[in-house]
Amino acid sequence: MSRHPRQAENPVASDATAEDAKRSRILQAAMKVFLAYGFSRVTMDDIAKAAEMSRPALYLVFRNKADIYQAIAASLVAESFGKARAALAAEGTFAGRMNAAIDSCMISIFSEIAASPHGAEILDAKSTLAADLLLSWKRDLGGIIRDAIEAEAERNGVDLAAGELSPEMLSQFLLDGIEGMKSRLADPDQQRKAVRGLVKIVERTLQP
């Protein structure tokens with residue numbers, strides 16, 4: 001007989017893990033049917049079938065389709081913000097890090113959705129179903145971009161205030177420019193080219 005009894009499993013942790021796995025399966029299934037048929041046409045029954053579960057079981061996790069959409073948006077926002085933060089913290093030039101951050105959080109992560117037959121409808125729904133979430137995400141993203149700009153100005157010994165500028169202003173310039181560019185350009189490669197131009201303007205402002 002072993003002198004070291006096996007450690008008992010934590011039932012609360014196990015339940016949490018199972019619940020997380022269930023939520024993940026639902027969100028993946030929902031995204032699949034949203035992309036295939038569009039948000040408005042998909043029903044909770046469609047999502048339950050795609051997730052290989054009963055509709056009553058689905059309703060125990062999410063109240064409705066809007067809740068599922070918001071959960072998907074929250075997951076994408078968290079993923080994109082994490083990638084942007086990692087890109088800005090990496091080694092490399094200011095322009096290289098900033099371009100990588102913007103690409104990962106504002107272009108690449110949404111390219112699959114935008115390229116789908118119902119991508120426009122799915123992305124348009126964010127203005128009504130995830131407006132508060134996206135506002136918070138944009139504010140937080142602006143914050144880490146501002147911090148990166150401020151750090152680069154300090155590293156180069158550039159006094160932005162002397163030119164009636166600030167890290168906050170330059171961060172907002174980037175974000176506003178990207179939003180306008182994305183409404184005008186649909187192709188991700190063209191978007192990346194436009195972003196590089198915007199970042200280059202900011203980079204030159206930060207050079208002594």
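Predicted model: local features only at pLDDT ≥ 70, side-chain atom pairs only at ≥ 80, totals over all residues.
Let me begin with helix α5, residues 94-115, which packs against helix α10 at an angle of about 150°, the two axes lying 10 Å apart. Since an angle over 145 degrees counts as roughly antiparallel, that angle makes α5 roughly antiparallel to α10. The crossing of α5 and α10 is right-handed.

If you look at where these two helices touch, α5 contributes Phe94, Ala95, Met98, Asn99, Ile102, Asp103, Ile107, Ser108 and Ser111, while α10 contributes Pro188, Gln191, Arg192, Val195, Arg196, Val199, Val202 and Glu203. Sorted by class, the contact of α5 with α10 has 9 nonpolar, 4 polar and 4 charged residues.

Now stay with α10 and turn to another of its neighbours. Helix α9, residues 167-184, packs with α10, residues 188-205, at an angle of about 160°, and here the axes are 10 Å apart. That angle makes α9 roughly antiparallel to α10, and the crossing of α9 and α10 is right-handed.

On the α9 side the contact is made by Leu170, Phe173, Leu174, Gly177, Ile178, Met181 and Lys182, and on the α10 side by Gln191, Ala194, Val195, Leu198, Val199, Ile201, Val202 and Thr205. The residues of this contact of α9 with α10 divide into 11 nonpolar, 3 polar and 1 charged.

Let me move on to the aromatic residues. How many aromatic pairs does the structure hold? There are 2 aromatic pairs, and I will describe one of them, bearing in mind that a pair of aromatic rings is described by the distance of the centres and the angle of the planes. The rings of phenylalanine 39 and tyrosine 69 have centres 5.4 Å apart and planes at 75°, so the pair is edge-to-face.

Where in the chain do these two residues sit? Phenylalanine 39 lies in the loop between α1 (11-37) and α2 (44-50), whereas tyrosine 69 belongs to helix α4, residues 65-89, so that the pair, 30 residues apart, links distant parts of the chain.

Are the two residues buried or exposed? Phenylalanine 39 has 13% relative accessibility and therefore counts as buried, and tyrosine 69, at 8% relative accessibility, counts as buried as well.

How values were computed. Residues numbered from 1 in each chain as written. Heavy atoms only, no water. Axes fitted to C-alpha atoms, helices over the stretch in contact; angles between N-to-C directions. Helix = DSSP H or I, 4+ residues; strand = E, 2+ residues; numbered from the N terminus. Parallel < 35°, antiparallel > 145°, perpendicular 65-115°, else oblique. Left-handed = near helix turned anticlockwise from the far one by under 90°. Contact = heavy atoms within 4.5 Å. Nonpolar A, V, L, I, M, F, W, Y, C, P; charged D, E, K, R; others polar. Phe/Tyr/Trp six-rings, centres within 6.5 Å; stacked < 30°, edge-to-face > 60°. Buried < 20%, exposed > 50% of the residue type's maximum accessible area, 1.4 Å probe, protein only.
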